[in-house]
Amino acid sequence: MREIKLLADERCAEALSDLLMDAGALSATIEDADADRPDEQPLYGEPGLEPETCAWPRSVVSLLVDETFDLDTSLALAVKALGCNPPEVLGANEVENADWVRITQAQFQPVRVSDRLWIVPTWHELPNENAVNIRLDPGVAFGTGSHPTTHLCLGWIDENIRPTDDLLDYGCGTGILAIAAKRLGAKSVTGTDIDPQAVEAARENAVHNDAEADFRLPADMPEGQYDVVVANILSNPLKLLAPALLGRVKKGGALVLSGVLARQAEEVIEVYRQTDPAVKLSVWKEEDGWVCIAGRRE
């Protein structure tokens with residue numbers, strides 16, 4: 001296999017990558033050519049604030065191709081189709097064959113939430129057989145327990161979930177939070193996500209972990225309130241969803257929010273305070289610049 005690097009501008013980098021993938025490239029990634037330099041520009045977004053272009057003014061397109069890939073012909077056809085300037089070929093080098101599955105798996109280690117709760121990939125031995133071990137592999141949906149936002153929510157659930165609690169996991173991803181809550185003794189757990197693949201992945205993960213859980217698309221969600229509502233998303237959608245999430249919290253129930261940077265915490269809390277002052281929120285814990293916000297309805 002070969003890795004080929006091209007220098008393209010932001011107007012064509014993303015479309016060029018797509019066309020070269022269609023032409024037979026095995027993978028394509030886009031990086032900032034000026035990363036770690038004075039001209040570096042941030043590119044980030046979240047639902048409701050996505051960048052219009054997923055590229056930088058000077059973008060490096062890295063292609064992974066096999067020996068049959070015809071770079072000259074594929075580039076010429078792509079440039080003609082897009083009506084753009086030909087990208088500069090920065091270089092090409094051979095890539096040794098490797099066990100990519102094993103290399104990828106090595107990046108994901110068991111995650112200790114507490115002495116009694118672990119998140120363990122299926123290919124690993126259990127670090128503590130006496131703990132509650134959630135078997136979960138990285139896949140199509142967010143949530144393996146390693147990111148601080150997920151880790152914080154798991155910690156809150158581990159410390160606070162009660163046998164009488166009905167829990168709603170809003171934006172469930174892999175279903176990790178609902179599954180952990182059920183395995184830790186929650187009465188019932190429900191999860192919802194706008195991504196059908198996430199809902200399907202969550203259902204499969206629940207089966208694999210012997211956790212009775214109900215995962216649905218938002219349109220299929222029944223009416224009702226919950227003892228615990230947890231949402232690990234991002235700050236902007238959390239603010240937009242404030243009325244919907246607050247409306248799901250029972251009297252005396254808890255609301256747990258994550259996916260929020262520490263510098264965004266007070267703004268998020270203020271939005272929820274203005275929406276419903278009866279739910280008193282504050283920062284529960286912080287980890288690596290991210291926070292978990294939690295509180296209860298009076």
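Three strands, in the order β5-β6-β7, make up an open sheet whose pairing is mixed, where strands are DSSP runs of type E with at least two residues, helices are runs of H or I with at least four residues, and both are numbered from the N terminus. Two strands count as paired if DSSP finds at least two bridges between them, and the edge strands, β5 (111-114) and β7 (132-135), each pair on one side only. From one strand to the next the twist averages 20 degrees, with axes taken as lines fitted to C-alpha atoms, for helices over the stretch in contact, and angles running from 0 to 180 degrees between N-to-C directions. The model is predicted, so that local features need pLDDT of at least 70 and side-chain atom pairs count only at pLDDT 80 or more, while totals for chains, interfaces and linings use all residues. Residues are numbered from 1 along each chain as its sequence is written, and side-chain values use heavy atoms, with hydrogens and water left out.

Within this sheet, β5 runs antiparallel to strand β6 (residues 117-120), the two being joined by 3 bridges, and Ser-114 has Leu-117 in β6 as its bridge partner. Helix α4 lies across β5 and β6 at about 35 degrees to β5, whereas α5 packs on the sheet by touching β6 and β7, its direction making about 150 degrees with that of β7; contact here means heavy atoms within 4.5 Å.

A second open sheet has 7 strands in the order β10-β9-β8-β11-β12-β14-β13, again with mixed pairing. Its edge strands are β10 (214-216) and β13 (279-287), each of which pairs on one side only, and neighbouring strands are turned against each other by 15 degrees on average, direction ignored.

How enclosed is α5? Because 6 of its 8 residues are buried, α5 is largely enclosed by the rest of the structure, where buried means under 20% relative accessible area, exposed over 50%, and partly exposed in between, with a 1.4 Å probe and protein chains only. The buried residues of α5 are Ile-176, Leu-177, Ala-178, Ile-179, Ala-180 and Ala-181, and the helix is followed by Gly-185, whose phi is positive, near 115 degrees.

The largest nonpolar core has 36 residues, and those with the most contacts inside it are Ile-119, Ile-157, Ile-161, Leu-167 and Phe-215; such a core is a set of buried Ala, Val, Leu, Ile, Met, Phe, Trp, Tyr and Cys residues joined through side-chain atoms within 4.5 Å. Helix α5 (residues 176-183) supplies the largest share of this core, 6 residues. Apart from this core lies another, of 21 residues, among them Leu-245, Leu-255, Ala-265 and Val-279. Asn-205, which is placed in helix α6 (residues 196-208), counts as buried at 12% relative accessibility and touches Leu-136, Thr-174 and Ile-179, leaving aside residues up to four places away in sequence.

Finally, a search of the whole structure finds 0 disulfides, a disulfide being a pair of cysteine sulfur atoms within 2.5 Å. Cys-292 is in no disulfide, its nearest cysteine sulfur, that of Cys-153, being 4.8 Å away, and Cys-292 counts as buried at 0% relative accessibility.
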